[in-house]
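The following note sets out points on strand pairing, helix packing and backbone geometry. Please read the points alongside the model.

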Amino acid sequence: MDGAIARKAHEQHEADWKIGVDIGGTFIDFCALDARSGRVASLKVLTTPDDPGAELMTGITLLAEREGVDPAQVTRFVHGTTVGINTIIQRKGVPLALFTNAGFEDVIELARLRMPDMYSLFCSRPDPLIPRDMIFGIPARLRADGSESHSPDMEAVAQAVAAARAKGAEGVIVSLLHSWRNAAQEAAVKAEIARLAPGLFVFSSAEVWPVIREYERTSTAILNGYVHPRVSGYLTALEERLKSRGVPARAMLTKSNGGLMNAAEGKRACVNMLLSGTASGVIGASWLARQAGEDKILTLDIGGTSADFALIIDGEAQFGTGELIGEFPLYIPSVSVSSIGIGGGSIASVDAQGVLRVGPESAGSTPGPACYGRGGERATVTDAMVVCGWLGHSDMAYGQLRIEVDLARRAVGELAAKLGRPVEQTAQAILDIAVSEMFVEVEKLASRSGVDLRDFTLMPFGGGGPMLGAFLARELGMKRVMAPRRPGVVSALGGLVADLRGDFIRTVFTPLSKASLPGIGEAFEALAREGREWLAAQGHAGAADLRPSCDMRYAGQSYEIEVPLMPAWLAGGDIAAIERAFHETHERIYDFHDPDGEIELVNVRLSAVGAGPALSFPQVEETDAPATPARRLPVYTGRDVETIDLYDRQDLRPGSGFHGPAVVVQEDTTFAIPAGMQARVDRHLNLLLTFPE
């Protein structure tokens, strides 16, 4: 006994824990990896909306108690949070004022003059985050070439500051014309505001994202300022809480671009972490796909509130700009994710016309679905799964939730009475609607991306992904589903395996020619210096991977496309290679190119990447041992009640297989496997599901 205690103490002493944390709408997920032994520990804890961050301390305590994770041995701590995006969606940000050029006070209301839904006569654009009476015009003007026409009127700035303070502004956004070319006027106005009103925080558009087009630049700066106080306060409390628990690791944050930054930068560059949770899930899925040798993946991340979809091609996540944060576009590089308001907590209802609808309203974690027994009374997607019999056969969320079947049947039964249908058929209708809503969104994603989903493997994760993933794959005509060993914490895993990544941009707006190459090269060199300095500030001492690209277009086009470049092309002035890359990219996206067209280069971009730790999960040799069901249970499969097998995930060994319909239960989720699917566990402990040809 003494020897066993000594060995355990020695193992704990030698541990090197890396912890990834992701907060969703219902649960906060933990994924902890001991880099020395390869041991993985995972956990889910219900969120505390009234006290964001409290659940983090609860999770650290439970990891220590259940898994022996010593906080003092945590050498990497990565955190993704929804504080920023929830602040925008719920419109709980601080009152802001906008200082812009006189005569351009309507820039955020005019936007791009597009209706949210061109096919609806009743749609309307959202109210701006800064009301019109909080927007102040400052006499000042730069010419398009960056030269100054009129310097800022500092008396007007003083009057605007006084008016903004009188109206209750807590912060100011300064966005002036052509600041992407010359940021001096914005800097001067910002300095004057800081002198006159030290209590106001100020962000200028050029320091947030110095890109051409005033609406996009202004909108991004507003989002950054709107969430700044809440995000900054949250991160300060996070650092203090980690310190109080004896965690020596510097807090790192997941970013919308799938990379990481430290908490100190997160307090200032809040806009970079608005989509951190969804991005982390895709990065975690990309890593798992590469481990398993899968090169084409459609991810399905279902939480309590939403379902998120993304494409992974050649093992890499896809990126883009213009992602929506609530109702507002974000113009910084982000992992491309499509979302819809369908999650495990999505509420089902019958409208005035007697039509059954699902979502987008969610029960969240408080009170949650009716079956959680936490006060929820309205039927949700999770309740429908319970009524059909797919859920409710084991505790959920690592033993934190016990499913109350009677409460689920009561909630769904109320809808069934309104519809005049049996309760099981009503539950199945809820699931069918949820799957059909996701089907439509995925089809849109596939059409935009020009891919055939029959060539892809579906990877479901999140607490709800495995519940509905196989049914969605069947409707999409996909042949394979790959479910990771711990699907409930893939987003937390994404933070563990992510690299440091900083994105930098400079607008040059020049024709692509031999004469313009020196200026383009100088812009890239400046971005490279900025990228190396940024990595050093993050504490990265290793090699810097600098990845250049350009936003390019044919002369006369309104919008450009991003084209990755090779550093050697820039160093050698290989304009032909740059032109060829643009033509090929244009052909791939739009199915045509103009080899004789004049090319314009609008922005130069650079991603500075510092590789994260080289982590890996242990692999297990496959055997031919058959899978043994734990028991059999009745499930309503859509037409009738069938008796099917239930398997415990921890009892499934690599190489073992079985057929659907079946249920697989585990600590963080439940798999629903429809009839006709063949299931097998691979050496990475993924559960592979295939449909017959």
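1. Strands β29 and β30 (residues 641-648) run antiparallel and are joined by six bridges; strands count as paired if DSSP finds at least two bridges between them. Within this pair, leucine 633 has isoleucine 644 of β30 as its bridge partner. Strands (E, at least two residues) and helices (H or I, at least four) are DSSP runs numbered from the N terminus.

2. The model is predicted, so local features require pLDDT of at least 70 and side-chain atom pairs count only at pLDDT 80 or more, whereas totals for chains, interfaces and linings use all residues. Residues are numbered from 1 along each chain as its sequence is written, and side-chain values use heavy atoms, with hydrogens and water left out.

3. β29 and β30 belong to an open sheet of four strands with mixed pairing, in the order β29-β30-β32-β33. β29 (631-636) and β33 (670-673) are at the edges with a single partner strand each, so one side of each has no neighbour in the sheet. From one strand to the next the twist averages 30°.

4. Strand β2 (residues 27-34) is antiparallel to β3, and seven bridges join them. Phenylalanine 30 is partnered by leucine 43 of β3. The two strands form a hairpin with five residues between them, and glycine 38 in the turn has a positive phi of about 85°.

5. Is strand β3 (residues 40-46) mostly covered or uncovered? Seven of its seven residues are buried, where buried means under 20% relative accessible area with a 1.4 Å probe and protein chains only, exposed means over 50%, and partly exposed lies in between. In a regular strand the side chains alternate between the two faces of the sheet. Both faces of β3 are covered, with Val40, Ser42, Lys44 and Leu46 buried on one side and Ala41, Leu43 and Val45 buried on the other.

6. Helix α5 (residues 154-166) and helix α6 (residues 184-196) have axes that come within 10 Å and cross at roughly 50°. Axes are lines fitted to C-alpha atoms, for helices over the stretch in contact, and angles run from 0 to 180 degrees between N-to-C directions. The two helices are therefore oblique to each other; angles under 35 degrees count as roughly parallel, over 145 as roughly antiparallel, 65 to 115 as roughly perpendicular, and the rest as oblique. Met154, Val157, Ala158, Val161 and Arg165 of α5 meet Ala188, Val189, Glu192, Ile193 and Leu196 of α6, contact meaning heavy atoms within 4.5 Å.

7. Helix α2 (residues 54-67) packs on helix α8 (residues 214-244) at an angle of about 25°, their axes being 10 Å apart. These helices are therefore roughly parallel to each other. The contact comprises Ala54, Leu56, Met57 and Ile60 of α2 with Leu238, Arg241 and Leu242 of α8.

8. The bond from glycine 359 to proline 360 is cis, with omega near -5°, and proline 360 is in strand β22 (residues 356-362). Glycine 660 and proline 661 are also joined by a cis peptide bond, with omega about 5°; proline 661 lies in the loop between β31 (657-659) and β32 (662-665).

9. Most residues other than glycine have a negative phi. Histidine 178, in the loop between β9 (171-174) and α6, has a positive phi of about 60° and is partly exposed, with a relative accessible area of 22%. Aspartate 314 has a positive phi of about 55°, lies in the loop between β14 (307-313) and β15 (316-317), and is exposed at 59% relative accessible area.
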